[in-house]
Protein chains: 2
Amino acid sequence: MTAIEREELMRGTKEGAPHTSKRIQDEALKLFFERGFKSTTMREIALACGLTPGALYNHFSSKEELLGSMLVEIHREMESRLGAALQVATSDPKEQLRSFAHAHALMHTVYIIEARVGNREIGSVNGDVGAEVVRIRQWATTTLRDILELGRADGDFDVPNVAAVANLILTMGMAIAKWYRTGGELTREEMADLHADMVMRMVSKQSGGRQ
Amino acid sequence: MTAIEREELMRGTKEGAPHTSKRIQDEALKLFFERGFKSTTMREIALACGLTPGALYNHFSSKEELLGSMLVEIHREMESRLGAALQVATSDPKEQLRSFAHAHALMHTVYIIEARVGNREIGSVNGDVGAEVVRIRQWATTTLRDILELGRADGDFDVPNVAAVANLILTMGMAIAKWYRTGGELTREEMADLHADMVMRMVSKQSGGRQ
């Protein structure tokens, strides 16, 4: 038994070792990002954490559980951030949309690796965990659609197709994690503002005929 | 030697068997899409094509070469379509942008699987083939940036940050392959029109202050 394994045992069960679980998630995230989820083995994750496979399995019973735990956490973070953004905005659909779009983009400048792994590997989480991730994604989509519908009904927005425009907006925001780099020309706030500006333009009433 | 292998031999060299090479690409594309590039083996591709691994290697010397051949083809198709779209438009930046955005979106409603595999696995092509793919992607990005710059200089467009807005536009178009489904509410033409409309709005001069 290695010193690290002994430490693991001393620290006790899964529930009793949040710090180690977090460290495992961090190392696994890096490996999933670099090599892909399917090409990464539990043995490699254990090695990266300085654990034996046995000690790793004490925290996560499978690679799927490990991925699922990370995806649920990042989606709950998104739900929390988007929910807070809607809370601080007034009920005006324009403010709701700007606040939603800004928070969505900002999140994708902060959790770049999590977003890229999550969006690439989402097909690999199933069961209750997969259902929770799907629920949160559907909540975000429905929330955005509702804002677009409301703004259209109020006469504030011109949205030709609510479902399709919601998809265009969400995927444009998600993709920020693919190309945005911190330390570049735009700060995170500026990036989120730019995205929100573009979203507001997308739904704005057009002065002339077909733009 | 199986009948199929004999047929392969009769048909001759790599260059002499475009039909078989195309069939291999089609089967490999399906497998790469379903299982991911890294998780798919040459043996599985051979099996899906009804070939022995030996016969498969007569057409493609490696899995990387097979992926690379597909990615180069789909990127050349994109270059050709975008180039043609710019040819039919006048030199007016508004027409250039609409035509570019329409062709880009339409392509992503037609080559859905190719786009999804290509955008996911682009990191796995290297060498001359990788360089050719990168060249075409950079050409598309530069072309779009040039149109945005031109429209801004002409006073037609209001683009706060050309490089970032070009990325937002391109990723929004690429993501159409992720969510658009044929036979749904929108035809391919309608989808391409909607995307182009949204892009025109994104760069349109705003009447009031900050939108």
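In this predicted model, Val129(B) touches Gly68(B) and Val72(B), leaving aside residues up to four places away in sequence. Val129(B) belongs to helix H8 of chain B, which spans residues 127-153. The C-alpha atom of Val129(B) is separated by 8.3 Å from that of Leu71(B). Along the chain, these two residues are 58 residues apart.

The overall make-up of the fold was examined in chain A. Its secondary structure comes to 11 helices and zero strands. Read along the sequence, the pattern of chain A is α-α-α-α-α-α-α-α-α-α-α. Chain A has 211 residues, and buried residues make up 38% of them. Contacts between residues at least 6 apart in sequence were also counted. In chain A, 68% of these join residues at least 24 apart.

Chain A is assigned two domains: domain 1 covers residues 3-61, and domain 2 covers residues 69-203. Taken over C-alpha atoms, the centres of domain 1 and domain 2 of chain A are separated by 31 Å. Six residues from domain 1 of chain A and eight residues from domain 2 of chain A take part in the contact. On the side of domain 1 of chain A that touches domain 2, five residues are nonpolar, one is polar and none is charged.

Helix H3 of chain A was considered next. This helix runs over residues 42-49, and Ile45(A), Ala46(A) and Cys49(A) are buried in it. Seen down the axis of H3(A), the buried residues fall within an arc of 100 degrees, so they line one face of the helix. An α-helix has 3.6 residues a turn, so residues three or four places apart point the same way. The cover over the buried residues of H3(A) includes helix H2 (18-35) and helix H4 (53-57) of chain A. After H3(A) comes Gly50(A), with a positive phi near 70 degrees.

Chain A superposes on chain B by a rotation of 180 degrees, with 0.0 Å of shift along the axis and an RMSD of 0.0 Å. The two copies are thus related as by a two-fold rotation axis. Within chain A, Met172(A) has the C-alpha nearest the axis, 2.4 Å from it. Both copies use the same surface, as 100% of the contact residues of chain A recur in chain B.

The interface between the chains brings 26 residues of chain A into contact with 26 residues of chain B. Three helices of chain A, H9 (162-174), H10 (176-179) and H11 (188-203), each supply at least two residues of the side that touches chain B. H11(A) gives the most to this side, with seven residues. By residue class, the side of chain A that touches chain B divides into 11 nonpolar, 10 polar and five charged residues.

Definitions and conventions: Residues are numbered from 1 along each chain as its sequence is written. Chains are lettered from A and ligands numbered from 1 in the order in which they are written. This is a predicted model: local features need pLDDT of at least 70, side-chain atom pairs count only at pLDDT 80 or more; totals for chains, interfaces and linings use all residues. A residue is buried if 20 or more other C-beta atoms lie within 10 Å of its own, exposed if 12 or fewer, and partly exposed in between; C-beta atoms are placed from the backbone. Helices (H or I, at least four residues) and strands (E, at least two) are DSSP runs, numbered from the N terminus. The arc is that of the directions from the helix axis to the C-beta atoms. Two residues are in contact if their C-beta atoms, placed from the backbone, lie within 7 Å. Domain bounds come from an automatic or database domain assignment. Ala, Val, Leu, Ile, Met, Phe, Trp, Tyr, Cys and Pro count as nonpolar, Asp, Glu, Lys and Arg as charged, and the others, Gly among them, as polar. Copies are superposed by least squares on the C-alpha atoms of residues with pLDDT of at least 70 in both.
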